[in-house]
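Let's take a walk through this structure together, from the whole chain down to the surfaces where its parts meet.

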Amino acid sequence: MATERKLSYVMAFNEAVRQCMEDDPNVFCAGEDIGAYGGVFGTYAGLQKTFGPERMVDTPISEQAIIGLGVGAAVAGLRPVVDLMFMDFMLVAMDQIVNQAAKIKYMFGGVAVVPLTITTAGGGGLSAGAQHSQSLEALLCHIPGLKVVYPSNPYDMKGLMRSCIEENNPTVMVKHKRLLGMTGLVPEERYSIPLGVANVMKPGSDVTVVAWGRMANEAVAAAEMLEADGISVEVIDPRTLQPLDTATIVESVRRTHRVVVVHEAVQFGGLGAEIAAQIQHEAFDYLDAPVERIGAPFSPVPFSPALESHYLPDARSIAAGIRATLARPLVGG
Amino acid sequence: MELSRVVLMDLHRRMVRIRLFEEAAGRLAEAAKLPGFLHLYVGEEAVAAGVCGALTDQDQITSTHRGHGHLVAKGGDFNRMMAELMGKSTGYCKGKGGSMHISDLNLGMLGANGIVGAGSPIAVGAAFANKYNKNGNVAVAFFGDGATNIGAFHEAANMACALNLPIVFACENNEYGEFTPRHVTMAITDIVDRAAGYGMPGVIVDGMDVVAVHEAASEAVARARRGEGPSLIEAKTYRFYNHHGVQNLGLKYRSDDEVAEWKQRDPIFSFEERMVEAGQATTTDFEAVWAQLRADIEAAIQFAEESPLPTSDMVLADVYTLMGAK
């Protein structure tokens, strides 16, 4: 029986790191401001006090070298957790992430093992502007060799973060900045949630919604809004975006026959396009409507709250998308 | 420092191994027997040999796109190297890496690298692991003069110094970044000038003199092992062949005189002359080394040619480490 203990998303992350560091002396963390300061979002708070500066390493503002530090240390047998403060900053380090970390195992004929976890903070909603608000997970999911994880709640965060650290491949753990303070039941004991396994957040029968990170919560809120009108929405949070649990999504769509894919990222070329393609391939004969996609418009993330609130999908726009999908008549029906 | 005859002959052997491997690779490429790009190390042998001669198998190196020399100098196996260049399943990387990604983790060779400058941050990581594990091992980042113009080098050098890691930055200054001469791409003449900006010592050595390289490397490696931090070695050297392949397109970017001048200072032949003059070895001694290694190369070519190509099911193997597997 799990303890009835509430913890925030950020502290669930922190606890997972702490427990992994207690369990495995090869785990260390490195990044900007993560040591003495505890991370700009408090993600690594208190860990340097426990584990010392040798295992909680403050680095220069050097994203390429931070990832390189992780790659080299991982190949040399350690289990690094390296932090890129904002997801936008990973673009500075793309060579080390994409050309080095992701490919070393393959390029070296399978000999290398790269148990590297990259942690970062993605998503908008804080008026952080175009360079501190992006959702770039699709870029990462496109790269063979990487795994990508994006938890939507504290419980998943703790279990998924433990899996990331235990994982023997380079894995990117994306925290959503707007979820950092979200609280939920999180057992104190150690547990892990396997990568590549989706979570049905809310069962339903009329339509399937696929959403992750903060959008998974918005989708649940949308589903609750629609319940009053007798609409039953199934919400699936893939939790891991690479590898993607296509089977769970397809199984659901074959039951509901309609599906809406939601993400905070720009819609064009987003991960929703891939998910839509997989669904039409695996469940074409079961679909009663085209796969609907909801994402951000094709612009950088705007700064002003007045603009950003229009830019980001939310429960209302998701609910509207669901209604539109359900409203589409069957051919000959 | 007086080097023993055993050490001197070992350095020589490493250089000859590189020369013979690279010349064989060049001939095979010209005969269209090697797929892909080929960046030959001929002319720069004293650098890899001198540095790697100061390292153990547990010390790590990161390399460049001109990386065969580093693997050979670290003790790389001719058979597996040649097979890799031919894209065979018996190659170091099972034919998935090729010339630009050749590696041997058991020898601490963390890979040639297709991205200029990208090896240095990885060497920083290996050096970090050495310090973390207190194992006394040292990491060496090899890179060219051109790589010092890339951000990754700057980040790596600064971080290594900030964290006081056991690492040596070994710059092969061959005066050209691909086809463009150094003076066009930087306003300094000596790469070593950059060292002070990171707070590490730097030294210039004659990169055509394996003894000089070895002595500088031994000192830098010893310093790193003692926990005294990073240092930079700039070896002034030259590539005898082209940026890639042997002849490239035949476009002129350096004068015949310049090439001939550097060839006068051939690191292997000049070393042999000095050894003979000093009475430390005879031409017969050296001929024996060349003859034996030539035989090894011929055997490696045969091994590679007779090795099977990888099967199509290998495309999807090794993208990920499977859980429970190592």
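This is a predicted model: local features need pLDDT of at least 70, side-chain atom pairs count only at pLDDT 80 or more; totals for chains, interfaces and linings use all residues.

Residues are numbered from 1 along each chain as its sequence is written, and chains are lettered from A and ligands numbered from 1 in the order in which they are written.

Chain A holds 12 helices and 14 strands, where helices (H or I, at least four residues) and strands (E, at least two) are DSSP runs numbered from the N terminus. Of its 333 residues, 57% count as buried, that is, with 20 or more other C-beta atoms, placed from the backbone, within 10 Å of their own.

Chain A is divided into domain 1 (6-185) and domain 2 (199-326), with bounds from an automatic or database domain assignment. Their centres, taken over C-alpha atoms, are 26 Å apart. The contact between them takes 26 residues from domain 1 of chain A and 24 residues from domain 2 of chain A; residues are in contact if their C-beta atoms, placed from the backbone, lie within 7 Å. On the domain 1 side, α6(A) brings the largest share, four residues.

Now for the partner chain: 35 residues of chain A are in contact with 36 residues of chain B. On the side of chain A that touches chain B, α3 (63-75), α4 (94-101) and α5 (104-107) of chain A each supply at least two residues, and α3(A) gives the most, with nine residues.

How values were computed:
Two residues are in contact if their C-beta atoms, placed from the backbone, lie within 7 Å. A residue is buried if 20 or more other C-beta atoms lie within 10 Å of its own, exposed if 12 or fewer, and partly exposed in between; C-beta atoms are placed from the backbone.
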